[in-house]
Amino acid sequence: MSAVDRVTAPFERFAQAHASRMATVVIVAVLAFLWLPIAVLVFMSFADGGVLSFPPDQLTLRWYRVFLSNDAALDAIVTTLTISIPATGISVALSTMIAYAVDRYVFPGRSWLQLLATLPIIVPLVVTGIAMVLFFNGTLGLPDYVSVVIAHVIRTIPFATLVILPTFMSFDRRLEEASKDLGADEFETFRQVTLPNVFPGIVAGGLLAFTLSFNEFVYTYFVKGSGDPTLPVYIWNQIRYNVTPEVNVISVVFLAVAVSMVLAAVSLTRVDLIARR
Amino acid sequence: MAESPRSDDERVSPSGDGETVAGTDREVATDGGTASGVDGRVSDLTTFLRERPRLRTLSIAGPPYGILLFFFAIPLLAMLVVSFQADRIGGAWTLRNYTGFLTSETYLTVVWRTFLISVQVTAIVAGVGYGLAYSIVRFSRRTTLLLLLVILPFWTSYIIRMYAWINILQSDGVLDSTLNLAGLPALSLLYTDTAVLIGFTYVWLPLAVLPFYASLTNLDGDLIEASKDLGAGPIRTFLSVTLPMTINGVITGIVLVFIPTFGSFITPRLLGGTNNIMIGMVIENQFKSAFNWPFGAAIGIVISVVVVVLLVLATRLGGGLFGAGGETS
């Protein structure tokens, strides 16, 4: 036994004996760190006293009623949806084309396409955000609405592709061969064989794209002028200039949208698909 | 398969007759009816494209390629061009935006601060995230559920997650009130560096756990067994087998945390104090209040350079960042 081994031996024995327990502690502690703030947020949306007082004197649904009668907040939701729904549709169509092309064909620039479809995740949002406002508004002079929808499409493509591409790759292509052998052409085969098989993945990609677009802030903040704010921009203004307990309620709305969308997406695919890189 | 000429009927039902076949025939007839319509034209198109593979590839890869180039890559190039113009888009050519930035002690201090915070955040997130991923992969059976619980917060609004911490950290907020009830002094952490670190750790932790998790799952468990059979304890096995074998995932996680932290403005704006300026906030100012777009563009280029250098380093060291969903290793 070397000198180093003699020094480390007690630590090795300790790790051996307590590894499993330490793992449990780490898991519980980190999950608490991740979920307690969310729990606080939900709880505070029922607090009577307002934002500052914790613990609250009593619980109430008052702020939900305030929220439901607040036209500005509801308008912001509608504004968000008029952007997110078309952006999601376009993004899913484009991501499916990327997945199909990358999976099926070898063509010059194939790896560039993959790089382009990944880069928006990596380039800091603020950098792309200002680049977009310079080009869309400054150079092209696009209307605000068009600029924001395009920005949301760019933002969501990488994530949708990340989910849709693996479903294409894991699809058994012999089914397509069989379909073509039986006389179907490429379009029929895609519609009747490929699409039903990859459809869950595409829907999952769409749900995640929608969630992302619904929450999108940075691109929207830069690209969109002073017009009707989306919900994230609205809440940003609220937090920065006049916090009301209503913000807690809007937070719960965001949470509900995100959790239900992601759970639906996960039930359609596998969790590790989202985790896969 | 025999390559003999066959009629349509034979193709659909090569054998037998009777009612089922009649039914099938009717279906074929209906299909044939639409085929002369929209589907027919689409079929003609696909036949046309099948005979021209290049055109076919172009028709599928072209639109997303074009959109990503025109609305993502070109704007970044436009930013580079604008960064050399004075005061406004289309202004006189100048290097002033860069010289002004790189000779200003204030801005360089801000860059240095941003760098230090990003390093701290990355170290914390990598440590905690790897510990969590390792615990889940090696010691838990309910990996899917746990992974889901880790990912879910990532999909809620970034601003909402920051707001949650405002609730907790502000003076007389949840944290201080809880400490108060326990008879401990208040911390009033909001608007401090600590608050910024907590906020960043909170938002990036799920993001970093994913590549860590992926690389740990791909690790061959036999290697660990072999190491233990050869007499290495768990710590030595970790340091000489597990960590080196998952280093690609670690590098990917580090890059995924460092880059967005370096460019962030939301977290320091909401959780940091007035002297906790980060470089992303300077850009935001140029676009939202100072309205010197070219100067903001120049700072954007400076950030991009940092990002590119980091990516090149990471690729050299072996992080698998590109190729969405493609090769994992």
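Biologist: What makes the reach of helix 1 (residues 3-44) of chain A close to the expected one?

Modeller: Helix 1 of chain A has 42 residues, and 57 Å separate its first C-alpha from its last. Calling it a helix follows DSSP: helices are H or I runs of at least four residues, strands are E runs of at least two, and both are numbered from the N terminus. Keep in mind that the model is predicted, with local features needing pLDDT of at least 70 and side-chain atom pairs pLDDT 80 or more, while totals for chains, interfaces and linings use all residues. Numbering runs from 1 along each chain as its sequence is written, with chains lettered from A and ligands numbered from 1 in the order written.

Biologist: Where does helix 1 of chain A bend?

Modeller: At His18(A), by about 65°. That is the angle between two fitted axes, one for the seven residues ending there and one for the seven starting there.

Biologist: Which residues of helix 1 of chain A are called buried, and what covers them?

Modeller: Ile27(A), Val30(A), Leu34(A), Pro37(A), Leu41(A) and Met44(A). Buried calls for 20 or more other C-beta atoms within 10 Å of a residue's own, exposed for 12 or fewer, and partly exposed is in between, with C-beta atoms placed from the backbone. Their cover includes helix 11 (246-268) of chain A, and from chain B helix 6 (105-139), helix 7 (143-151), helix 8 (158-169) and helix 10 (193-218). Contact there is scored when two C-beta atoms, placed from the backbone, lie within 7 Å. For background, an α-helix makes 3.6 residues a turn, so residues three or four places apart point the same way.

Biologist: Why is helix 5 (residues 125-140) of chain A described as largely enclosed?

Modeller: Because twelve of its 16 residues pass the burial cut-off. Among them are Leu125(A), Gly129(A), Met132(A) and Phe136(A). The covering elements include helix 4 (110-122), helix 6 (144-169) and helix 9 (218-223) of chain A, along with helix 4, helix 15 (279-288) and helix 16 (293-317) of chain B. Just past helix 5 of chain A, Gly141(A) has a positive phi of about 65°.

Biologist: What makes the phi of Ser188(B) and of Phe291(B) worth a look?

Modeller: Most residues other than glycine have a negative phi. Ser188(B), not a glycine, has a positive phi near 45°, and Phe291(B), not a glycine either, has one of about 55°. Ser188(B) sits in the loop between helix 9 (174-181) and helix 10 of chain B, whereas Phe291(B) sits in the loop between helix 15 and helix 16 of chain B.

Biologist: Why does Ser188(B) count as partly exposed, and how is Phe291(B) classed?

Modeller: Ser188(B) has 15 other C-beta atoms within 10 Å, so it falls between the two cut-offs. Phe291(B) has 12, so it makes the exposed class.

Biologist: How do you know what kind of secondary structure each chain has?

Modeller: Chain A has twelve helices and zero strands, and chain B has 16 helices, again with zero strands.

Biologist: How many residues does each chain give to the contact?

Modeller: Chain B gives 93 and chain A gives 82. On the chain B side, helix 4 (residues 53-82) supplies the largest share, 18 residues. That side has 62 nonpolar, 25 polar and six charged residues; Ala, Val, Leu, Ile, Met, Phe, Trp, Tyr, Cys and Pro are nonpolar, Asp, Glu, Lys and Arg charged, and the others, Gly among them, polar.

Biologist: Which residues of chain A carry the name "ABC transmembrane type-1"?

Modeller: The unreviewed UniProt entry puts that domain at residues 77-265 of chain A; such annotations may be inferred rather than shown by experiment, with feature names shortened and positions in the numbering used here. In the model, that stretch is 84% helix and 0% strand.

Technical notes
The expected span of a helix is 1.5 Å times one less than its number of residues.
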